[in-house]
Amino acid sequence: MKRAAQSTETPQVGRSVPRLESWLKVTGRAEYVHNLRLPGMLYGKIFRSAVAHGRIKRIDVAAAQALAGVYRVITSREIKEVIPEPYYGPAFRDQPVLALDKVRYVGEPVAVVLASDPHVAEEAVHLISAEYEELPAVYDEVEAMTSKAIVHDVLKPAGTFPDLRHFKGRTNTNVALDFHLRRGHPVEEMKNAFRVFEHRFRTQQVMHTPLEPLVSVAESTESSLTIHTASQSPSFVRIEIARLLGWPENRIRVRVPFLGGGFGAKLYIKLEALVAVLSLIANRPVKISLSMEEQFFTITKHASTFRIKSGVDKDGHIVARECEVWWNGGAYADIGPRVTQKSGFTAPGPYDIENVSIDSYALYTNLVPAGALRGFGIPQLVWAYESHTDMMARELGLDPVEFRRKNLLRDGRPQATGTVMRDAAIEKVLDRLVALIDWKKPLESPSKTLKKGRGIAVGFKACVSPTTSLAMVTINADGSCIVYCSTTDMGQGSDTAMAQIAGEVLNMAAESITIVHSDTDVTPYDMATLGSRSLFHMGNAVKMAAEDALKQINQLRTELQLPADCPVADVFKKKYGMQAGNVVGTGSYIPGYTSPDANGLTDNATPFWMVGASGAEIEVDTETGRVRVTRLVNVADVGTPINPKIVETQLSGAAIMQLGFTLFEKMHFDERGQLRNASFAEYKIPGLLDVPGEILNEAVAAEQRTGPYGAKGVGETGTFGVSPAIANAIHDAVGVRLTSLPLSAEAIWEKLK
Amino acid sequence: VRREIRFRLNGEAVSAQVAPHETLVEVLQENFGLYGARESCGQGMCGCCTVLVNGRAVSGCLYLATLTQDCEIQTIEGNAEPDAVQQAFVEASAFQCGFCTPGFVLMTRQLLDEHPDPDEDTIKHYLSGNLCRCGAYPEIIEAVKLAARKRRSA
């Protein structure tokens, strides 16, 4: 197969290298777990709970087991024979491999049918029946605070995070994390303020819907287990499966090829524990591929409620802010407690406010579990605080841009946690957005029933910390280079970026470098591909590994008394007498971090800040309430782009994804917690016809001084400002203020009536 | 009950034993090791499973394999050398994860066969049955325009 053309262009960094795997992707030959078939492989199909909360009284698998072609039907009873305590999770060990004693949401896996023919397995699933003693259920995150319906009898923190330890053994609560921050004197200053504004906002539950649905395959021998999985976190999978089985890490091997999208859906344990146990029970390879429908019953984005209150002085300075956020975590915590804490850090927004209180709660409910989705909670927060900002500005009779400028958080000033802002080009991003969106230019509505409006919003994020990345770079006897790293390329272009970084160090074309995909037997540890952390953390590790390899080559040159420009191939030939040997460079990166104190304050909350702002021009049809985005501008601080084209497409893609979450995507649950629209026929994601008439994306000139070649993450940044920018534009157009997502035509029309 | 069907696959005469419920995507994957057409939504809403049957794009995850008796089937793997559309998709960075890309490439070929010089509205409408969750749509539109120019100048 054709490879990308070899380039001798330098430098490598700052060049829009086409994705290394481009030809594989346009010819349909890229490797995904979906393609994998192993000899003797069984397919697993899942039987799921039909009730939101209940004790399992009986599971009848006899008819399924009797169906011709069924290899075996497995329930938690068989799982427990392999793993006595079959509960997993990154924050709480609360999620059973298959429902055990209780079910906690509609769609929870209860049993699995194994068969060589997936159609037979599926048919058999329909022959299983289960009886439950139904329990009271809770669905709303605010109600969950005080509800008598308790999702988990006892809380079981995983022990990984110190701020969750105090939850150990707690009963009679649905709170899975409460993050509190107090800075200055918010209560007093709120009392003294000239004006006080209080609003409440809501976001809906949505799903990532990667077009490659979740898929995992496990194969076992007596002493080892190999898991091929579409995962963003292979190192975590290895450690967690090893823990569950009581095996050392070196007996578990996790391989990850390309992913057909991830967006946070493919993190931690999803199908991996299940296929691992099934392959051990069956002693044959087992594959589970979810359908698109089943994905909706696996992991989602947190619905949330945010109460925000601000006190403003006579000059329009925000002097105090109270934030209270409730996160709907669903039935299992997944990474929700991290979302709650880390996003809690920035809940008051990119503003310089002396007196702040933040209370952020992760709640268990009887809905599909929620985890990370492209922003780790930030899009929910920006939606609220930037709508709130505009509402205040308009009430105060101030220009929304000027009001923001007056209060903007500037470099060198402490943010809510007390951490001083560094390398966060908030003001530059806002200025550039204002210029690109022609803020001052009057808008003319095309007709009496078609009203134009314009809105902006700016948000920021503290990258999740502390996390670790390791990398290895080898230089072979012919001078060619291989990078080994456990970052998953799920479309964000990490392979290409890592090759550019290594290439920059080694003065080699990125296109000539091979990237070895995650294989935990081979590639070193990485925390996970999430939260826009990889380019910064793994980028630093790859850079260090490449520098280490280069140092070894130079040492060989000195040792062998060769000139400094002696070609690498000649160095090895002289050293080993033939084309032989290689050098292995290693790099390990973990940034500094200080845990928040009792008041939620820390002088080092994050290794870098991400800044994203959006401006929207829209048209509202006053007869139908329909919104059309005619122009969307996204501006960001991404540090110095390693690959400008990929950066631009990341911003654009993230904004388009967020457009769906803003205008129409919503999981509809009925009063019994049953999801009513778990398919693309009823759950619409953005298509070509939803793309704004004009979409413009720009990274401002900036530098992250601690990043590899000045770079930092970008995967989530484009999502931050989209929802409030559009809500603010709708208000500008027709005077309708919506405080709940999505901004549907119905909701607007109702208010226009 | 399986029966033998014969058809031409990417120009080659082939046969397969297929069950009545098996879809074209399944048969391409299980019998021929072709994975470029892939099931995603399973409802014909996303276009990831696009396959050409007698030159017309169909949703291979819904199209029953037994219906392809004597048909000419073309998949993304059909051409040995990348064509103008594939080149344009690479040059315009018109994909991220790549899972939807084969479907877009095949639909774009059909679009350009019918409309050699499509305007933006035509492109958006014609390809509206293909979804890209990475949101590479602006680049896809650029790629289609670029492919049109490449084909016209070829």
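Reply: A cavity, as the word is used here, is a set of grid points where a 1.4 Å probe fits but cannot get out, and its lining residues are those with an atom within 4 Å of a point. The model is predicted, and in it there are six cavities of 30 Å³ or more. Two or more lining residues each come from helix H14 (494-506), helix H15 (534-559) and helix H17 (644-663) of chain A. Sorted by class, this lining consists of 18 nonpolar, 19 polar and four charged residues.

For the second largest cavity, the space amounts to about 230 Å³, and the lining is made of 23 residues, of which Tyr88(A), Gln95(A), Pro109(A), Lys270(A) and Thr298(A) are nearest the centre. The elements of chain A that contribute two or more residues to this lining are strand S1 (42-48), strand S5 (95-96) and helix H8 (272-282). Here the classes divide into 17 nonpolar, two polar and four charged residues. As for the method behind such a description, rolling a probe the size of a water molecule over the atoms shows where empty space is left.

Note on methods: Residues numbered from 1 in each chain as written. Chains lettered and ligands numbered in written order. Predicted model: local features only at pLDDT ≥ 70, side-chain atom pairs only at ≥ 80, totals over all residues. Heavy atoms only, no water. 1 Å grid on protein atoms, 1.4 Å probe; cavity = no way out; pocket = protein on both sides within 12 Å on 5 of 7 lines; lining within 4 Å. Points joined across faces, edges and corners; volume = space filled by probe spheres on them. Helix = DSSP H or I, 4+ residues; strand = E, 2+ residues; numbered from the N terminus. Nonpolar A, V, L, I, M, F, W, Y, C, P; charged D, E, K, R; others polar.
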